[in-house]
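Subject: Structure handover

Hello,

Here is the structure I said I would pass on. My notes on it follow below.

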Amino acid sequence: MPAATYPNRYCTDLKSGWCIRTEYKGPTDYCGPRIFATVERDNDTLWQVSLEPNTDLETIDNHRNAAQLMVDTWEFQERFPDMKIFAV
């Protein structure tokens, strides 16, 4: 299968959306492992949520769940109710 080129039919409005970045943080002395989902608008504005990974799921599914948690709890959800995750 050839490599995907952008824009393509699956992410036609990729450039017009927000970017949610997920990152795994390992356990510390105080907290267990977490996956952070972050949206950074500019240098002064940052939104972040964390999720404890489910060991029964694959890594990519845990990162998708963290991104979905960001979409579901984000303060702009009322303004953009049809937000969807295009790629993981």
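The largest nonpolar core has 9 residues in all: Ile 35, Ala 37, Val 39, Trp 47, Val 49, Ala 66, Met 70, Trp 74 and Phe 76. A nonpolar core here is a set of buried Ala, Val, Leu, Ile, Met, Phe, Trp, Tyr and Cys residues joined through side-chain atoms within 4.5 Å. Strands E2 and E3 and helix H1 (59-73) each give two or more residues to this core, and E2 has the largest share, with 3 residues. Helices (H or I, at least four residues) and strands (E, at least two) are DSSP runs, numbered from the N terminus.

This is a predicted model: local features need pLDDT of at least 70, side-chain atom pairs count only at pLDDT 80 or more, and totals for chains, interfaces and linings use all residues. Residues are numbered from 1 along each chain as its sequence is written, and side-chain values use heavy atoms, with hydrogens and water left out.

Leaving aside neighbours within four places in sequence, Met 70 is in contact (heavy atoms within 4.5 Å) with Ile 20, Ala 37, Thr 38, Val 39, Trp 47, Gln 48 and Val 49.

Thr 45 sits in the loop between strand E2 (34-40) and strand E3 (46-51). Thr 45 counts as buried because its relative accessibility is 16%; buried means under 20% relative accessible area, exposed over 50%, and partly exposed in between (1.4 Å probe, protein chains only). Not counting residues up to four places away in sequence, Thr 45 touches Val 39 and Glu 40.

Pro 81 lies in the segment after H1 and is exposed, at 59% relative accessible area. Pro 81 and Val 71 are 10 residues apart in sequence, and their C-alpha atoms are 9.3 Å apart in space.

Regards
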